[in-house]
Amino acid sequence: MAAAFDEMKGHDGDEIRPAYGELSRWLSEVPPDVLDYRRREAELIFRRIGITFAVYGEADATERLIPFDVIPRIMSGSEWRLLEKGLTQRVNALNMFIKDVYGAREILRAGIIPEDLVYRNPAFRPEMNGQRVPHDIYVHIAGIDIIRVDAETFYVLEDNARTPSGVSYMLENREIMMRLFPELFSRHRIAPVENYPDELLRSLKSVAPLSTPREPTVVLLTPGVFNSAYYEHSFLADKLGVELVEGRDLFVKDEIVYMRTTQGPQRVDVIYRRVDDDFIDPLTFRSDSVLGVPGLMSAYAAGNVTLANAVGTGIADDKAVYSFMPQIVKFYLGEEPLLKNVPTWRCREEEHLKYVLDHLPELVVKEVHGSGGYGMLIGPTASKIAIEQFRAKLKAAPNNFIAQPTLALSTSPTCVEEGVAPRHVDLRPFVLTGRNGVRIVPGGLTRVALKKGSLVVNSSQGGGTKDTWVLDG
Amino acid sequence: MLSRTADNLYWLSRYVERAEYLARILDATQRLSALPLAYVGASNEWESAVLTAGCATGFFKLYDEANEENVTDYLAFSTANSSSIRSCFEAARHNARAVRTALTMEMWDAINGTWLELKRYGNGPTSREEFSRFLRWVQESSLRYDGSAYRTMLRSDAYWFSRLGVYMERADNTARILDVKYHLLLPDNERVGGPLDYFQWAAILRSVSALTAYHWVYRDSLKPWLVADLLILKDELPRSLSSCYEAIVRNLDQIAGTYGRQGAAQRQARGMRTRLQNSKMDGIFQRGLHEFIGEFITENNRLGGAITEQFLL
Amino acid sequence: MRPVIVQFDQQRFRHPKSPMRIRISHATSYHYESPPKSVTQVLRLTPRNDDGQFVVNWRVEVSQDCQLHQHEDAFGNVSHVFSAEGPFDELSVTVAGEVDTHDTHGIVSGAIERFPPGLYLRETALTTPDAAIIDFAEATRAEAGADALTLLHALMMGVNDEMTFDVEPTHVETTAAEAFAGRRGVCQDGTHILIAAARHLGIPARYVSGHFYREDDVTAQDAGHAWAEAYVDKLGWVGFDPTNGISPTEAHVRVAVSLDYLGAAPVRGTRYGGGGETLKVMIDVDQASWQSQS
């Protein structure tokens, strides 16, 4: 594995890339204890927010905070524009793909994607078959995970089209950086992200059912206080200025969704839902669900309510489907994909499987339906025993796995025990799609692997976050 | 607003108010039971505390007799009692968490801080002194919550539902004391009672923090019908039935005004307020104090049902 | 207004072969000790025409005032949705009608198909095969050979042999694996096992809920019937009724198809408030006399 590309110092480490000029100067001026002091201050502020919001203190108390790194990750305006174009293209293609899969199925008929990869996929929802949604938008909010390997090359690592989370960190990280480092801000021209909630609300309202006669009512549907992302749900509802509802606050009568308010039933037009498909309507999906709204799917089918994201979008999160994204972009848009896919071997295909089994120690192997960095093998760092155990798992159910080369994610200067050192990062921008097209707030959530050499940025496995600055101009 | 949010705010306030009331009962009982027998007679004050707290059925399922140890445990710390002080604070925080964004930072700090501190008291006090400190802490916690709501909440329906909870619970509590102790307040009781009742009357007043208030209002020694008058009809006393209903009506009027819609709850509350306003103590005694209180409790519960039905479901 | 939906006008239609006219009534009645505030239900109680059956008339009736909304679901079944506002102590849903049928040797044609057969290889929670079902499926194949039709008959007879009819041990949420482990169950369980085994062997299979006219003249039943259909190349969908050990005949009326019971359930409902619910199902399946029309 070649040395990683550093976002500040490039490949060889002897230049300072232009976007990092000011930061690099600042880092050399600022005494180390000030950085450390600020880091602790940031933690205090987060803990206070945590104390007041998070699922903190249920008997076994203290919920772990996701570590925050005070050194921002910076992108130049031209880098961002490149990404923005690529993301827009990709999300447009995703929407067309999902529409097709639940409609005409042209991509299956054309033989581009094998039928069983869709039909036998747990994330495919037969119940959505033939269902039209307003403006043909299925994925209203997408989180596309991006990694970078050199100055020019970005790869998409994963598409999150279900209910991507983490946007509250993007907003909070910016807020906290502005509080802690006002002078560093004044030395840069940084594109703002705080209009994200406004853009989100605008997008959500724009996809209200066509029949909505008035200003649409939007709500955010949460599984409730016991959900690990509840903090984000309440944070967003607050910022959007919409009601944070649970399933029991909504009901369906004559195929119209209402919420129970102190002034009687109030009609709901758009539901930004953070409840998974399986739980959203006990009369259609899991009948033991108490988190959903009975009859919601019939109101949805009648076109009287918009769900964001639509039901069944998880099909696009599947890692085997992901491997077809270049073909998907070409099929629907007739364009070459602007963002690359990480080369992917589908273990369901015999030749691919053979290659993967022969090269396990160099590859990253992932479950097709997995997320959060669980259930994967990182060949180069795995023990021989672990590799052999994984080999057996892989052979038993090859359909469940894909494999990718181990990529050297770019690094970014990060505040760690021994001072400032490079650590691997990725980026999740949030892509909004509404009636008037795609909107992306410049920035996103940068996740950083705090352990030296680690490539796993997931917060569940010791990753942290950074503020992401996109420079104006 | 969401019915569930209103429901959570309403119950959050009720639970905090209930915790304070329990602390006051326990405080008054502790004082009574500390007196020599000659001053209080043979009645079991601890049993009376359980009755006043309204948890007799649950209590006697667990214990055969009421004494200081098991009553303080059951009313203050027991997890088996869903209305113990501990359970009340836990339920209050549970409700608060569910409507975190409808609360001000100060209210959340007050209720969350109380809940965190509750853990410090573990499974009960080790001494009477510590228990007294605990009871004071409970009252202070309630004051802090109440004060932060009063000082920081936006005057909108969220505030009114939260106040409604306070006054509904308060009216219920005051009525409950009267229901258990009414026989001490009958006018002819003075003849049979004598000096021994002074401490009982004082204990009743203490339970609603009205001992000093009594003297300011009547400038007289303790007389049972005046105690009844104070607790039932005096608007000046914040825990009197009349004062509670003044506040209930005011809050329901605010809600109706904002929503531009009147309803069963408001009509019913106004009816009760009018009845209290038009009542005189001798009339109540003539018709029977016990019957009056019994009817009040029934009506108050009915109003609770009407509020739930109209707004909270 | 009580909704009454008349699905089809009274018509007379005579099939060329083994014709039978089956009269069905299916009543689901709920009693509540404490009345609910509202009840919402999704019904899949209305049959559609195919080459083997023709719905002469059909109506759906709900005992409480409500609007009954009719849809076609993703699998092509007719579904109705209603929400009735309480309080009420009783709620009943009654469907009744007549269907002309004839024997097609189990082959289903002319039915509404919304998916290619490949979809019906999907695993569902109720039909995931465990080791025992996999063993059963593979042993059956080893014995019966690879010819799909022969194999499916063998699977059907295998389930029929293995399972003892018993309403006690299983319920609507029992999985194929659980039912197979106990070797007892109802038609739903046998059907799930057959589906799980067939899919494991790579044969698309699906769940059919419907009615069955019993030749022994017992017309009153307290549950509907269920069987499986499997996709056989060149023939298309073919029915297999593991409970009776036969392919469906003119005595079977198809009502709904899906991946498993949940998707084809006659009634899926929910209640807001209330309690003490008791449910009674009364089904009557009888042969109707031919009526002549001028």
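In chain B, 30 residues of domain 1 are in contact with 24 residues of domain 2, where contact means that the C-beta atoms of two residues, placed from the backbone, lie within 7 Å. I start there, then go to the other chains. This is a predicted model, in which local features need pLDDT of at least 70, side-chain atom pairs count only at pLDDT 80 or more, and totals for chains, interfaces and linings use all residues. Residues are numbered from 1 along each chain as its sequence is written, and chains are lettered from A and ligands numbered from 1 in the order in which they are written.

Back to chain B. Its domain assignment gives domain 1 as 1-153 and domain 2 as 155-313; such bounds come from an automatic or database domain assignment. Taken over C-alpha atoms, the centres of these two domains of chain B are separated by 20 Å. Which elements give two or more residues to the side of domain 1 of chain B that touches domain 2 of chain B? They are H1, helix H2 (37-40) and helix H3 (45-53) of chain B. Helices here are DSSP runs of H or I with at least four residues, strands are runs of E with at least two, and both are numbered from the N terminus. H1(B) gives the most to that side of domain 1, with 18 residues. By class, that side of domain 1 of chain B has 17 nonpolar, 6 polar and 7 charged residues. For the classes, Ala, Val, Leu, Ile, Met, Phe, Trp, Tyr, Cys and Pro count as nonpolar, Asp, Glu, Lys and Arg as charged, and the others, Gly among them, as polar.

Next, chain B against chain A. Here 15 residues of chain B are in contact with 16 residues of chain A. On the chain B side, helix H1 (3-34), helix H6 (85-98) and helix H7 (105-118) each supply at least two residues. The largest share of that side, 3 residues, comes from H1(B). The residues of chain B that touch chain A divide into 9 nonpolar, 2 polar and 4 charged.Now chain A itself. Chain A is divided into domain 1 (72-209 + 305-339 + 426-470) and domain 2 (343-405). Their C-alpha centres lie 25 Å apart. The contact takes 12 residues from domain 1 of chain A and 10 residues from domain 2 of chain A. On the domain 1 side of chain A, the residues touching domain 2 divide into 6 nonpolar, 4 polar and 2 charged.

Chain A also has an open sheet of 4 strands, in the order E5-E4-E9-E10, with parallel pairing. Two strands pair if DSSP finds at least two bridges between them. Why is one side of E5 (243-245) and of E10 (306-308) in chain A left without a neighbour in the sheet? Each of these strands stands at an edge and has a single partner strand, so one side has no neighbour there. From one strand to the next, the twist averages 30°, with axes as lines fitted to C-alpha atoms (for helices over the stretch in contact) and angles running from 0 to 180 degrees between N-to-C directions. Within this sheet, strand E4 (residues 218-221) and strand E9 (residues 270-273) of chain A pair in the parallel sense over 4 bridges. Leu221(A) has Arg273(A) in E9(A) as its bridge partner.

Chain A also meets chain C: 21 residues of chain A are in contact with 18 residues of chain C. Elements of chain A that give two or more residues to this side are helix H5 (115-119), strand E6 (250-253) and helix H10 (296-301). The residues on the chain A side divide into 9 nonpolar, 5 polar and 7 charged.

That leaves chain C, with 5 helices and 17 strands. Its C-alpha trace spans about 60 × 50 × 35 Å along its principal axes. With 294 residues, a compact globule would have a radius of gyration near 19 Å, and chain C has 19 Å, which agrees; the radius is taken over C-alpha atoms, and the globule rule is 2.2 Å times the number of residues to the power 0.38. Buried residues make up 48% of the 294 residues in chain C. A residue is buried if 20 or more other C-beta atoms lie within 10 Å of its own, exposed if 12 or fewer, and partly exposed in between, with C-beta atoms placed from the backbone. Among contacts in chain C between residues at least 6 apart in sequence, 76% join residues at least 24 apart.

Last, one strand of chain C. How many residues of strand E3 (residues 38-46) of chain C are buried? The count is 9 of its 9 residues. E3(C) pairs in the antiparallel sense with strand E6 (residues 78-85) of chain C over 7 bridges, and Val42(C) stands opposite Val81(C) in E6(C). E3(C) also pairs in the antiparallel sense with strand E16 (residues 267-272) of chain C, over 6 bridges, where Ser38(C) stands opposite Tyr272(C).
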